[in-house]
Amino acid sequence: MGAGQLVSLLAINMSPLNDGGPVDDKMLVVYGGIFWASLALGIFTAGMLLIAFFRFRRKHDDDDPEQTHGNSRLEIAWTLIPFAILFSLFILTASNMGFINNQNTAANAITVGVEGQQYQWLYHYPNGATSVTKMYVPAGVPIDLNITSKDVNHSFYIPNLGGQMNAIPGQTNHLWFTASKAGTYWGQCTELCGWGHHNMLIEVIALPYSQYNGCVGSAQNSVVRDTSSACQPAGGSA
Ligand SMILES: [Cu+2]
């Protein structure tokens, strides 16, 4: 990788907070809910501790603190309130898991096979076309991924678009995403798979539908020509 390429990669916002599609939207809802609930509870708990430290500290060496034995209302409250908080976080997670994990069954969904290999990613399209490193998808269309590996364990992750999934030899794992806008979305193998692990970049190029047809559709049972004009992303990075 040249210095120029490195600089342009650093300028890309690969954070999951920069969401590029509905799967990442849902994941942000779940993580956001858990993050803000944790922050509020952390501040509340630390505040109560600090109040207790300073207000109820022992003031003279010979004073024993006032002894109390149980307070039913307090005990019921500190059981029910944490239960309600944990239960609502559970519901928040459980109600969104299906959308994130289940195969997208939309009629227009496209299935792409993803194959990890030391040290690159191969993509297999429904018409027999294949591509390496660059995955071409139509923008706004659900993409179902069947993820596997030819050799060792790898892990497929495009933070802007959705979740992370292991690529395991002899097993097919599933993930889906929709890239809402045309553009380029970056990812990287996230499981140390050997000396060339750092080379396993993922470049999802989301094209307008007609352009996708020209790019992948014209490469039936052959390798997609990355240099053809139909395969060039319109804008820069997402
Ligand atoms: Cu790897």
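**Ground rules**

I number residues from 1 along each chain, as its sequence is written. The model is predicted, so I ask for pLDDT of at least 70 for local features and count side-chain atom pairs only at pLDDT 80 or more, while totals for chains, interfaces and linings use all residues.

**Domains**

I started with the domain assignment of the protein chain, which gives domain 1 as 22-57 + 72-101 and domain 2 as 110-231; such bounds come from an automatic or database domain assignment. I get 37 Å between the C-alpha centres of domain 1 and domain 2. Five residues from domain 1 and seven residues from domain 2 make the contact, where two residues count if their C-beta atoms, placed from the backbone, lie within 7 Å. On the domain 1 side, helix H2 (residues 22-55) gives the largest share, four residues. I sorted that side by class and found four nonpolar, no polar and one charged residues. For the classes, Ala, Val, Leu, Ile, Met, Phe, Trp, Tyr, Cys and Pro are nonpolar, Asp, Glu, Lys and Arg are charged, and the others, Gly among them, are polar.

**Helix H3**

Helices here are DSSP runs of H or I with at least four residues, strands are runs of E with at least two, and both are numbered from the N terminus. I checked the length of helix H3 (residues 72-101): at 1.5 Å a residue its 30 residues should span 44 Å, and the end C-alpha atoms are 43 Å apart, which agrees. The expected span is 1.5 Å times one less than the number of residues. Then I looked at cover, and the count of buried residues among the 30 residues of H3 is zero. My cut-offs use C-beta atoms placed from the backbone: a residue is buried with 20 or more other C-beta atoms within 10 Å of its own, exposed with 12 or fewer, and partly exposed in between.

**The five-strand sheet**

Next I traced an open sheet of five strands, in the order S3-S2-S1-S5-S8 and with mixed pairing; two strands pair if DSSP finds at least two bridges between them. Strand S3 (130-132) and S8 are the edge strands, each pairing on one side only. The twist averages 25° from one strand to the next, using axes that are lines fitted to C-alpha atoms (for helices over the stretch in contact) and angles from 0 to 180 degrees between N-to-C directions.

I went along the sheet from S3. S2 and S3 run antiparallel and are joined by three bridges, with Leu122 opposite Val132 in S3. They form a hairpin with five residues between them, and Gly128 in the turn has a positive phi of about 90°.

S1 (residues 110-117) pairs with S5 in the parallel sense over seven bridges, and Ile110 has Ile143 as its bridge partner in S5. On the S2 side, S1 pairs with S2 (residues 120-124) in the antiparallel sense over five bridges. I noted Glu115 with Leu122 and Gly113 opposite His124. A hairpin joins S1 to S2 through two residues.

In a regular strand the side chains alternate between the two faces of the sheet. I looked for this in S2, where Trp121 and Tyr123 make the covered face and Gln120, Leu122 and His124 the uncovered one.

S5 (residues 143-149) is mostly covered, with five of its seven residues buried. S5 and S8 (residues 173-177) pair in the antiparallel sense over five bridges, and Asp144 stands opposite Trp176 in S8.

**The three-strand sheet**

I also found an open sheet of three strands in the order S4-S10-S9, with mixed pairing. Strand S4 (134-138) and strand S9 (183-188) stand at the edges with a single partner strand each, so one side of each has no neighbour in the sheet. The twist here averages 25° from one strand to the next. S9 pairs with S10 (residues 201-207) in the antiparallel sense over six bridges, and Trp186 has Glu203 in S10 as its bridge partner.

**Gly183**

Last, I picked out Gly183, which is found in strand S9. Is Gly183 buried or partly exposed? It is partly exposed, because I count 19 other C-beta atoms within 10 Å of Gly183. Gly183 and Thr111 are 72 residues apart in sequence and 20 Å apart in space, C-alpha to C-alpha.
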